[in-house]
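Look at the overall fold before turning to its details.

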Amino acid sequence: MAEQKKRRKSPHDGEATREALMNAAERLFAEQGVEAVSVRAVNAAAGLAPAAVHYHFGSKETLLEAVLLRRGRAVVTDISERCDALLAREERPEPRDIVEALVTPYAALLERDRTGGTRWLSIVGQLTLSGGERMLTSAAPATERLQALIHRAFPDATPSELQTAWTLSVEALILLMARSPESWFASGNEAAIMRDSLVNFAAGGLTHAIERAASGRRHKVPTT
């Protein structure tokens, strides 16, 4: 037959296109900043038609969510499982254990996928600086468990004190990891030393901030 039949598109074609768009977006978001990257730039970097992002994701915001979830889903699951193990214990959790439940999954991602993990962490760091609202939904399962652990570790602190101290500690932690991800690939014991130092720093800062706030509350002179 002289007439050639057009090949029907399979579901795999769509999956490959979505993957190409997420790869391009992840690289551009990490290198140039989420806000600076246009939908047109993502389509061009992926070598696809100008309408590709809108066709497969609907919007840049939905594409960003997909990029976060692609690697973040495993991180959130890992954090949640570690938190569940701590919550199952009868004894009060130590601040260092709580921070380690957050740091270890991040470090594991970097070890599994150096390039992709580094880019993902860079994007997370950017969103953390901008307030982190875009991450709240995807990170909710882990966040709820972490908050439960913080409440258990510092039962005398108020919810406001806990929220403020934890937010500051987590933001500092993520930004430090995003700024120097190469530290996790150092030779010998350097990576382990770096991780321990980072965990101790965050745990110490968390404890100090909560205790300082609680002390100020206890010694506050009532107004008349």
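The protein chain has nine helices and zero strands. Helices (H or I, at least four residues) and strands (E, at least two) are DSSP runs, numbered from the N terminus. Read from that end, the elements run α-α-α-α-α-α-α-α-α. This is a predicted model: local features need pLDDT of at least 70, side-chain atom pairs count only at pLDDT 80 or more, and totals for chains, interfaces and linings use all residues. Residues are numbered from 1 along each chain as its sequence is written, and side-chain values use heavy atoms, with hydrogens and water left out.

Of the 224 residues in the protein chain, 39% are buried, meaning under 20% relative accessible area, with exposed over 50% and partly exposed in between (1.4 Å probe, protein chains only). The accessible surface comes to about 13,100 Å². Carbon and sulfur atoms hold 53% of that surface. The areas come from the Shrake-Rupley method with a 1.4 Å probe; for residues, only the protein chains shown count as cover. Among contacts (heavy atoms within 4.5 Å) with a separation of 6 or more, 73% join residues 24 or more positions apart.

Now the helix packing. Two packed helices are described by the angle between their axes and the distance between the axes. Axes are lines fitted to C-alpha atoms, for helices over the stretch in contact, and angles run from 0 to 180 degrees between N-to-C directions.

Take helix 5 (residues 95-112) and helix 8 (residues 159-179). Their axes lie 12 Å apart, at an angle of about 25°. Helix 5 and helix 8 are therefore roughly parallel, the term for angles under 35 degrees. Residues in this contact include Leu102 and Tyr106 of helix 5 and Trp166 and Met177 of helix 8. The contact residues divide into 12 nonpolar, no polar and no charged. Ala, Val, Leu, Ile, Met, Phe, Trp, Tyr, Cys and Pro count as nonpolar, Asp, Glu, Lys and Arg as charged, and the others, Gly among them, as polar.

Helix 4 (residues 60-87) and helix 6 (residues 114-129) cross at roughly 115°, with axes that come within 10 Å. They are therefore roughly perpendicular, a label for 65 to 115 degrees.

Finally, Arg27 sits in helix 1 (residues 11-32). Arg27 is partly exposed, with a relative accessible area of 28%. Beyond its neighbours within four places in sequence, Arg27 is in contact with Ala45 and Arg119.

Technical notes. Parallel < 35°, antiparallel > 145°, perpendicular 65-115°, else oblique.
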